[in-house]
Amino acid sequence: MFGRPLLRFVRNDTHINFMRGRFVGLATSAVLSLASLILFFHPGLTLGLDFRGGIVVEAKTSGPADFGKIRSALAAHNLKAEGVQAFGGPDDVLIRLDADETTNTNAVVDEVRHAVAEAQPGATIVRADAVGASVSAELLRNGLLALGISLLMILAYIWFRFEWEFALSAVITLVLDLTKTVGFLVLTHIEFDLVMVAAILTILGYSTNDKVVVYDRVRENLRRYRTMPLRELLDLSINETLNRTLGTSCTVFLAALPLAIFGGASLSGFAWVMLFGIVVGTSSSIFIAAPLLLLMGEKRLRKDTRPAVQQEV
């Protein structure tokens, strides 16, 4: 009585033929990833302060912000703002300015404070951050290096734990997940900074865990059902782990959703990317990773066709 879960997303005897739509899933994923790569080169990612360099000033006005007046006041003080935009509430203003290694950050922030106060009396500076060009270039290089090393470590882990077909199909799927996430960042204009690198690494870890769960069941069933065709065995394995996959995904999704809605500017971007990654990672485990495994391992994983006694599930 107490061991029976209160909520099940699907019945235990569900038999969905996922592999029937494998070509549609692979083609759709390839098209979306290709489109994301095109978006990556044009118009490209919106780089955050960490990777672009410059000065970011966050101001709070006494009433609704008048962006026209603020831009005019900045221009009158010879401050060339890359962007003046709203975030959070109507009285929150985010100002971005170019800066190099010789820029006096304190002097620039003081000029911004005077300009904003002239445009909107009573305004205050809440936060000011500065990153030099050389530092931002190093941060970008290290962030991309971290992503590359993580993919290699995932490949090595899955290759060590499973056969090479499992490892290669998982890494290809993760790369496709990664490209779609990049496309999402371009379309939503979420700034790509160190926080986004952390979000992508988290997505890769979550997606890898999801695929390992399915692969574990596939490996168990390969030993249990020696003569079952690989296509049927993959459908069986996905159906057997479907409740666990959907349950975990929904739990993480619901945990990240409040951060996306109420987290503010510092957390909402991270949370939205996480929500997108959860959906993409869960669907790719079923519609991408499994079909790739079928294409790569249909002959090799089914070399041993000797009949064996099927164990009771």
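Helices (H or I, at least four residues) and strands (E, at least two) are DSSP runs, numbered from the N terminus. This is a predicted model, in which local features need pLDDT of at least 70, side-chain atom pairs count only at pLDDT 80 or more, and totals for chains, interfaces and linings use all residues. Residues are numbered from 1 along each chain as its sequence is written, and side-chain values use heavy atoms, with hydrogens and water left out.

**View A. Asn78 in the loop between α3 and β2.** Helix α3 covers 67-76 and strand β2 covers 81-86. Asn78 is not a glycine, yet its phi is positive, about 60°. The residue is exposed, at 71% relative accessibility. Here buried means under 20% relative accessible area, exposed over 50%, and partly exposed in between (1.4 Å probe, protein chains only).

**View B. The cis peptide bond from His42 to Pro43.** Omega of this bond is near 10°. Pro43 sits in the loop between α1 (22-41) and α2 (49-52). pLDDT is the predictor's confidence in each residue, from 0 to 100.

**View C. Helix α6, residues 164-188.** The helix has 25 residues. From first C-alpha to last it reaches 36 Å, close to the 36 Å expected at 1.5 Å a residue. That expected span is 1.5 Å times one less than the number of residues. Because 19 of its 25 residues are buried, α6 is largely enclosed by the rest of the structure.

View D. His189 lies in the loop between α6 and α7 (194-224). Its phi is near 60°, a positive value in a residue other than glycine. His189 is exposed, with a relative accessible area of 54%.

**View E. Val108 in helix α4.** The helix spans residues 105-119. Val108 is buried, at 15% relative accessible area. Its C-alpha is separated by 9.8 Å from that of Val57, 51 residues apart along the chain.

**View F. Residues 304-313, where pLDDT stays under 50.** The model has 12 contacts beyond four places in sequence for this stretch. A contact means heavy atoms within 4.5 Å. Where pLDDT is low, the predicted coordinates should not be read in detail. Over the protein chain, the mean pLDDT is 85, and 90% of residues reach 70 or more.
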